Amino acid sequence: MKTAAELTFGELATIDEVDNSHPSFRRILEIGFTPGQQIELLSKSIFNDPLAFSLRGTMVAIRRGEAQSIKLL
Amino acid sequence: MNKDSVLPNITLVGPPNSGKTTLFNLLSGKNHKTINYPGSTIEYNSSGFQEKYNINANLLDSPGIISLLPNSPDEEVTIDSLYEHPEFGTPNLIIVTVDASQLSRHLLLAEQLIDSKFKIIVVVTMIDILGKKGYKVCAKDLEKKLNCDVVKIDGRNGKGIGKLISKISLILEEQKLSATDKPIKIDEEICESKLLKHFKKIEQIESEVIKKIVPDENIIEANKSLNVLNQPLQHKPDSLTIKLDRIFLHRFWGLFIFFISMGVVFTSIFWLALPLMELVDESFASLAGIATDYFGYSWYGDFIADGIISSLGAVLVFVPQILILFLILGFLEDTGYLARGAMLIDKPLSKIGLNGRSFVPMLSGFACAIPAILAARTISNRKERLLTIFIIPLMSCSARLPVYALLIAFLVPKEEIIWAGFILSFIYLFSIISSVLVAAIVNKFRKSIIREEDNSSFILELPTYKMPKVKSVLRNTYTSTKQYLRGAGPIIIGFSIVLWMLTYFPNTNPNISTENLTQSEYHEAQKIERVATSYASDLGRFIQPIMEPIGMDWRVGVSLISAFVAREVFVSALALIFKVTGDEETIRSSILQAMRNAKIEGTDQKLFTPATILGLIVFFVFAMQCLSTVAVAKKETGSWRIPILQIVIYTGIAYIATFITVNGLRLVGIA
């Protein structure tokens with residue numbers, strides 16, 4: 001299954017679920033990465049980490065490891 | 001009981017970037033104060049309401065949170081004090097700010113507060129930005145859906161404040177008549193399981209209360225576009241922000257721009273602050289002169305001039321640099337750029353156990369460690385926060401500059417000023433590299449040094465780029481400067497006075513032959529004799545054995561001890577001990593002359609050589625010398641462990657590194 005960490009620029013994707021075993025699970029949800037939301041990769045920092053996504057009309061930067069816990073449809 | 005606690009408590013709550021501070025500034029009047037809690041990141045601003053609003057209540061601004069579920073020990077304290085504030089008690093009313101174009105995220109907090117049975121008013125902010133996208137929020141509908149009061153406020157002109165005020169007054173009046181329910185702390189597990197439900201609900205609410213603005217004059221067109229009317233808001237970040245971030249967050253150019261802009265920030269701080277610092281320095285020197293003239297040459301005259309006035313000067317001399325740094329940082333923060341900086345630098349910093357959020361505190365450390373340590377409060381992860389606090393004293397703060405300037409002047413002839421700049425840059429580079437190394441090593445041994453393990457994460461909203469608001473930047477700058485003055489001021493002044501006493505007593509009135517001396521020459525000679533026979537010199541001779549291996553003697557030892565007040569005191573201590581006299585103009589060159597002539601006591605060997613001077617520079621790069629930093633580190637970490645480890649480890653490294661530098665250089669033939 002594809003995760004948010006594997007998105008390419010300009011590709012729109014919908015969140016299926018967030019891995020609830022990830023230590024930052026709750027915070028990832030709270031910032032707005034919830035099932036059904038559409039996200040788009042906007043930029044990658046050097047070493048491809050962290051990643052910035054468009055989400056609910058704003059931009060949120062999260063680490064690659066956190067993006068890997070976001071499963072896409 | 002505190003008299004403030006009798007007044008109703010109205011607390012502002014909101015996610016970061018939701019316009020909470022703007023609202024606080026619009027509402028707050030006199031009696032503005034900041035309340036900190038030791039050992040934690042909590043910082044509440046409190047104030048009364050502006051008089052014209054005629055509301056007699058305490059207004060509290062709480063730290064930005066996105067949910068009532070704590071994710072770190074410090075957030076837990078923040079949320080606990082929301083339920084029961086130690087000074088102001090349970091809020092009578094909570095005002096929640098939500099960004100109009102972020103309803104589907106920001107309403108989460110409002111929902112959770114309602115769940116906890118708080119009495120709340122929702123304030124919808126940034127309606128202008130939503131308006132530009134062609135949408136508006138229907139406050140009436142939102143009121144019905146949430147079942148609480150809703151007010152729209154335009155932060156630019158304060159429109160809507162009147163309505164908010166009347167709602168607040170009404171609620172306070174009602175509460176006078178009937179007691180309100182006390183809020184109940186929601187169970188974490190239940191709340192977590194409700195997260196998705198909450199989101200579903202607020203997504204639904206958002207789609208129903210946000211409506212497309214239909215221009216009145218174009219009713220026919222409006223009818224045509226009726227099918228668009230109920231279309232939900234298109235969630236797209238600000239397009240200008242996306243465009244700018246293609247450059248600023250570019251994986252290569254982004255980092256390049258970042259380093260260039262940080263370089264510019266630094267150099268401009270030095271150039272802007274230097275004349276102001278000199279001004280402060282000179283004014284206090286002349287003030288001390290006036291005091292001596294007025295009180296005459298007596299012990300209390302000396303105490304006022306050299307003890308009190310000079311130590312006040314020692315505190316205030318850093319204010320220009322701190323002011324300028326926080327002004328620039330504040331503007332960068334307010335534009336939204338600093339969040340990008342944190343994202344760009346997160347990966348490299350995470351390699352040494354730090355976090356992208358450590359970056360701003362570390363940067364502030366180049367001005368002064370005190371506001372820098374306080375700035376580390378923004379790091380939610382406790383381990384990373386403590387580690388950041390741990391390495392901040394290694395950042396080359398402004399108090400080291402006068403010391404380096406003197407030592408470099410010894411090494412480089414006056415004509416070759418370019419070399420001096422080159423050496424100074426090299427010292428900065430050296431201190432940055434060594435602090436990275438130290439951080440990496442401390443991170444390796446964090447189990448015994450930091451003693452905290454915490455889930456490391458970096459989840460940061462990148463706010464829309466915008467023009468900075470002068471008022472909020474000024475207020476933050478003012479707060480940081482006040483923190484420095486409060487944190488460092490009393491310690492620097494207190495310790496300076498102790499040090500003055502150590503150099504003044506017991507031989508307060510030494511006998512000196514008055515032959516061929518003017519009165520002021522006589523008093524200068526007395527001053528020097530007094531120091532040579534003072535407690536300080538006894539102390540210095542006591543530590544002589546420690547100083548010998550690094551090529552120094554007791555006089556340098558005493559100066560190094562003095563530097564514990566604040567590093568730049570080293571220079572004036574050297575001047576005192578090496579019997580340098582003269583006016584302010586010539587004092588620097590006189591110290592240099594005295595240093596060139598100084599011999600290690602009882603021998604013919606020169607005390608200051610290129611080797612020992614380089615050794616001293618190395619010592620100042622590492623040593624933990626600032627007592628105020630120790631005090632603030634103790635307060636912020638909640639125990640003595642970390643500051644004591646900082647003293648032992650950094651001063652230990654400094655001593656060993658100096659030993660290696662001095663003796664290594666001598667081995668290769670550089671005396």
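**Exercise 1.** Does B:Gln519 count as buried or exposed, and in which helix does B:Gln519 lie?

*Solution.* The model is a predicted one. B:Gln519 belongs to helix H22 of chain B, residues 519-532. Step 2: compare its accessibility with the cut-off. A residue is exposed when its relative accessible area is over 50%. B:Gln519 has 56% relative accessibility, so B:Gln519 counts as exposed. From C-alpha to C-alpha, B:Gln519 and B:Tyr297 are 9.8 Å apart in space, while 222 residues separate them in sequence.

**Exercise 2.** Describe chain B as a whole, using its helices and strands, its box, its buried share and its contacts.

*Solution.* Step 1: chain B has 30 helices and 10 strands. Step 2: along the principal axes, the C-alpha atoms of chain B fill a box of roughly 100 × 55 × 50 Å. Step 3: of the 671 residues in chain B, 52% are buried. Step 4: take the contacts in chain B between residues at least 6 apart in sequence; 75% of these join residues at least 24 apart.

**Exercise 3.** Show how strand S1 of chain B is enclosed, and find which strands pair with S1(B).

*Solution.* Step 2: look at the two faces. B:Asn9, B:Thr11 and B:Val13 are buried on one side, and B:Ile10 and B:Leu12 are buried on the other. Step 3: S1(B) pairs with strand S4 of chain B (residues 58-61) in the parallel sense over 4 bridges. In this pairing B:Asn9 stands opposite B:Asn58. Step 4: strand S5 of chain B (residues 93-99) also runs parallel to S1(B), joined by 4 bridges. Here B:Thr11 stands opposite B:Ile94.

**Exercise 4.** Give the strand order of the open sheet of 6 strands, and explain why S5(A) and S10(B) stand at the edges.

*Solution.* Step 1: the order is S5(A)-S1(A)-S2(A)-S3(A)-S4(A)-S10(B), and the pairing is antiparallel. Step 2: S5(A) (70-72) and S10(B) (459-462) each have a single partner strand, so one side of each has no neighbour in the sheet. Step 3: ignoring direction, neighbouring strands of this sheet are turned by 45 degrees against each other on average. Step 4: S1(A), residues 12-18, pairs with S5(A) over 3 bridges in the antiparallel sense. A:Ile15 stands opposite A:Leu72 in S5(A). Step 5: helix H14 of chain B (residues 337-351) lies across S2, S3 and S4 of chain A together with S10 of chain B, and runs at about 140 degrees to S10(B).

**Exercise 5.** Locate A:Gln37 and list the residues that A:Gln37 touches beyond four places away in sequence.

*Solution.* Step 1: A:Gln37 is in the loop between helix H1 (25-31) and strand S2 (38-44) of chain A. Step 2: the cut-off for buried is under 20% relative accessible area. A:Gln37 has 12%, so A:Gln37 is buried. Step 3: A:Gln37 touches A:Ala13, A:Thr14, A:Ile15, A:Gly32, A:Leu55 and A:Arg56, as well as B:Glu203.

**Exercise 6.** Classify two helix pairs of chain B by angle: H5(B) with H7(B), and H18(B) with H26(B).

*Solution.* Step 1: the axes of H5(B) (residues 139-146) and H7(B) (residues 188-209) come within 9 Å and cross at roughly 155 degrees. Angles over 145 degrees count as roughly antiparallel. H5(B) and H7(B) are therefore roughly antiparallel to each other. Their crossing is right-handed. The residues in this contact are 4 nonpolar, no polar and 4 charged. Step 2: H18(B) (residues 400-411) and H26(B) (residues 569-577) pack at about 50 degrees, with axes 7 Å apart. This angle makes H18(B) oblique to H26(B). B:Pro402, B:Val403 and B:Leu406 of H18(B) make the contact with B:Phe570, B:Val571 and B:Leu574 of H26(B). This contact has 6 nonpolar, no polar and no charged residues.

Methods. Residues numbered from 1 in each chain as written. Chains lettered and ligands numbered in written order. Predicted model: local features only at pLDDT ≥ 70, side-chain atom pairs only at ≥ 80, totals over all residues. Heavy atoms only, no water. Buried < 20%, exposed > 50% of the residue type's maximum accessible area, 1.4 Å probe, protein only. Contact = heavy atoms within 4.5 Å. Axes fitted to C-alpha atoms, helices over the stretch in contact; angles between N-to-C directions. Parallel < 35°, antiparallel > 145°, perpendicular 65-115°, else oblique. Left-handed = near helix turned anticlockwise from the far one by under 90°. Nonpolar A, V, L, I, M, F, W, Y, C, P; charged D, E, K, R; others polar. Pairing = 2+ DSSP bridges.
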